[in-house]
Amino acid sequence: MSSLPDGRIAVYTGTFDPITFGHLDIIRRGSAIFERIVVGVGINPEKATLFTPEERVDQVRRVVAPFRNVEVKFYYGLTVQFVRQVGARVMLRGLRTTSDMEYEFSMSLANLILDPEIETVFLMAQDEYSHVSSTLIRQIATLGGALDKFVPPEVKEPLLRRVRDHPQPPPPAERELRPPER
Ligand code: ADP
């Protein structure tokens, strides 16, 4: 194992496909508490992403540029190993709903077993972002809804371009939706 982890450094990981104002709020608040925040842009093997890892890292870097104590890295593999690698002691997570809580609770317990020196610290999502998820943003973008309240401008344009280049299949014709006649 590498050197003793540092409690002043926190790691905030996610897929960020794409990064939203909800994520950004956690990063902003975390950066006011910790001396350094390392944002880890990861790969979730169970999820196909709209953006490549390089694109996601690039977007997150642009969005966090105003924060002097925040840096962005790509990572692959176990999160606790990444936390160790960067010399941090804390994993920062955001909590939106009670369903987030169940998932995050078991994740933090598993991580404690994997590495008892790494602690998870949770910040509650602000009211206005508690419903915001990357999945919801991708859906709004696909259906042509307004994105300004959910994602920064650095994300909005590439997101619109990506959904334009990869259109969804057209909805079924009306007759296909009608129940069969008896
Ligand atoms: P993953 O795809 O790995 O679940 P996400 O990008 O969905 O990653 O989320 C990363 C972290 O950010 C999680 O702790 C999640 O709860 C938190 N998070 C996501 N959206 C919000 C939000 N709107 N407000 C606060 N925290 C959030």
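Helix 1 has 13 residues and reaches 19 Å from its first C-alpha to its last, close to the 18 Å expected at 1.5 Å a residue. The expected span is 1.5 Å times one less than the number of residues in the helix. Helices (H or I, at least four residues) and strands (E, at least two) are DSSP runs, numbered from the N terminus. The model is a predicted one: local features need pLDDT of at least 70, side-chain atom pairs count only at pLDDT 80 or more, and totals for chains, interfaces and linings use all residues. Residues are numbered from 1 along each chain as its sequence is written.

Stay with helix 1. Its buried residues are G22, H23, I26, I27, G30 and S31. A residue is buried if 20 or more other C-beta atoms lie within 10 Å of its own, exposed if 12 or fewer, and partly exposed in between, with C-beta atoms placed from the backbone. What do the buried residues of helix 1 pack against? They pack against strand 1, strand 2, helix 2, strand 3 (70-74), strand 4 and strand 5 (119-124). Contact here requires C-beta atoms, placed from the backbone, within 7 Å.

Now the whole chain. Its secondary structure comes to seven helices and five strands. From the N terminus on, the order is β-α-β-α-β-α-β-α-β-α-α-α. The C-alpha trace spans about 70 × 40 × 30 Å along its principal axes. Of the 182 residues, 27% count as buried. Take the contacts between residues at least 6 apart in sequence: 76% of them join residues at least 24 apart.

Next comes the core. In soluble globular proteins, nonpolar side chains tend to be buried together. In this chain the largest nonpolar core has 33 residues. Such a core is a set of buried Ala, Val, Leu, Ile, Met, Phe, Trp, Tyr and Cys residues joined through C-beta atoms within 7 Å. A10, V11, Y12, I37, V39 and V60 have the most contacts inside the core. V11 shows how this works across the sequence. Leaving aside neighbours within four places in sequence, V11 is in contact with V38, G40, F82, V83, V86, A88, V90, M91 and L92.

The ligand has 17 residues around it, and G14, T15, G22, G94 and A125 come nearest. A residue counts as near when its C-beta atom, placed from the backbone, lies within 6 Å. Helix 1 (21-33) and strand 4 (88-95) each supply at least two residues of the shell. The largest share, three residues, comes from helix 1. By type, the shell divides into five nonpolar, nine polar and three charged residues. Ala, Val, Leu, Ile, Met, Phe, Trp, Tyr, Cys and Pro count as nonpolar, Asp, Glu, Lys and Arg as charged, and the others, Gly among them, as polar.

The loop between strand 1 (6-14) and helix 1 holds P18. F16 is found in that loop too. Most residues other than glycine have a negative phi, and most peptide bonds are trans. F16 has a positive phi of about 50° although it is not a glycine. The peptide bond from D17 to P18 is cis, with omega near 5°. Is F16 buried or exposed? F16 counts as buried because it has 25 C-beta neighbours inside 10 Å.

Another loop runs between strand 2 (36-41) and helix 2 (53-64), and I43 is found there. I43 is partly exposed, with 14 other C-beta atoms within 10 Å. I43 and T15 are 28 residues apart in sequence, yet 6.2 Å apart in space, C-alpha to C-alpha. Beyond neighbours within four places in sequence, I43 is in contact with P53 and Y76.

P116 lies in the loop between helix 4 (98-114) and strand 5. With 9 other C-beta atoms within 10 Å, P116 is exposed. The C-alpha atoms of P116 and V80, 36 residues apart along the chain, are separated by 9.8 Å.

Finish at helix 5 (residues 134-142), where S134, I137 and A141 are buried. Seen down the axis of helix 5, these buried residues fall within an arc of 60°, so they line one face of the helix. The arc is that of the directions from the helix axis to the C-beta atoms. The buried residues of helix 5 pack against helix 6 (153-165). R138 is also found in helix 5. R138 is partly exposed, with 18 other C-beta atoms within 10 Å. The C-alpha atoms of R138 and L160, 22 residues apart along the chain, are separated by 9.3 Å. Just after helix 5, G144 takes a positive phi of about 80°.

How values were computed: Contact = placed C-beta atoms within 7 Å.
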